[in-house]
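This briefing covers aromatic ring pairs and a pocket. The sequence and structure are shown first.

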Amino acid sequence: MAKVKSLKSLKALAIKTFNKWILFRDKDKGCISCITGGVHNAGHFYHGHLYSALQFNEVNVQGQCVHCNL
């Protein structure tokens with residue numbers, strides 16, 4: 001019998017997978033905010049915790065360097 005995962009763990013997996021895809025998509029573009037930094041984070045224009053409908057919207061999320069994402 002397969003182990004049933006909780007909704008919380010499934011959402012965490014979805015976030016991790018989505019963010020990896022954003023980093024892969026934007027790896028050659030550089031940071032969306034400063035242009036000179038590398039892409040190390042998936043930065044949201046509208047934060048995913050506050051605007052859940054936009055959390056997995058690829059237009060809302062762009063690659064950012066660590067400095068700009070903080």
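Phe56 is partly exposed, with 36% relative accessible area (buried is under 20%, exposed over 50%, partly exposed in between, using a 1.4 Å probe and protein chains only). The model is predicted, so local features need pLDDT of at least 70 and side-chain atom pairs pLDDT 80 or more, while totals for chains, interfaces and linings use all residues. Residues are numbered from 1 along each chain as its sequence is written, and side-chain values use heavy atoms, without hydrogens and water.

**Aromatic rings**

- The whole structure holds three aromatic pairs (rings of Phe, Tyr and Trp, the last by its six-membered ring, with centres within 6.5 Å; planes under 30 degrees apart are stacked, over 60 edge-to-face, the rest tilted).
- One of them is the tilted pair of Phe18 and Trp21, at 6.2 Å centre to centre and 35 degrees between the planes.
- Phe18 and Trp21 lie three residues apart in helix 1, about one helical turn (helices are DSSP runs of H or I with at least four residues, strands runs of E with at least two, numbered from the N terminus).
- Phe18 is buried at 11% relative accessibility, whereas Trp21 is partly exposed at 40%.
- Phe18 also pairs edge-to-face with Phe56, with ring centres 5.4 Å apart and planes at 85 degrees.
- That pair links distant parts of the chain, 38 residues apart: Phe18 is in helix 1 and Phe56 in the loop between strand 1 and strand 2 (61-64).
- Phe18, Trp21 and Phe56 are joined into a cluster by ring pairs.

**Pocket lining**

- Strand 1 gives the largest share of the lining of the largest pocket, four residues (a pocket is an open set of points on a 1 Å grid over the protein atoms alone, where a 1.4 Å probe fits, with protein on both sides within 12 Å along at least five of seven lines; lining residues have an atom within 4 Å of a point).
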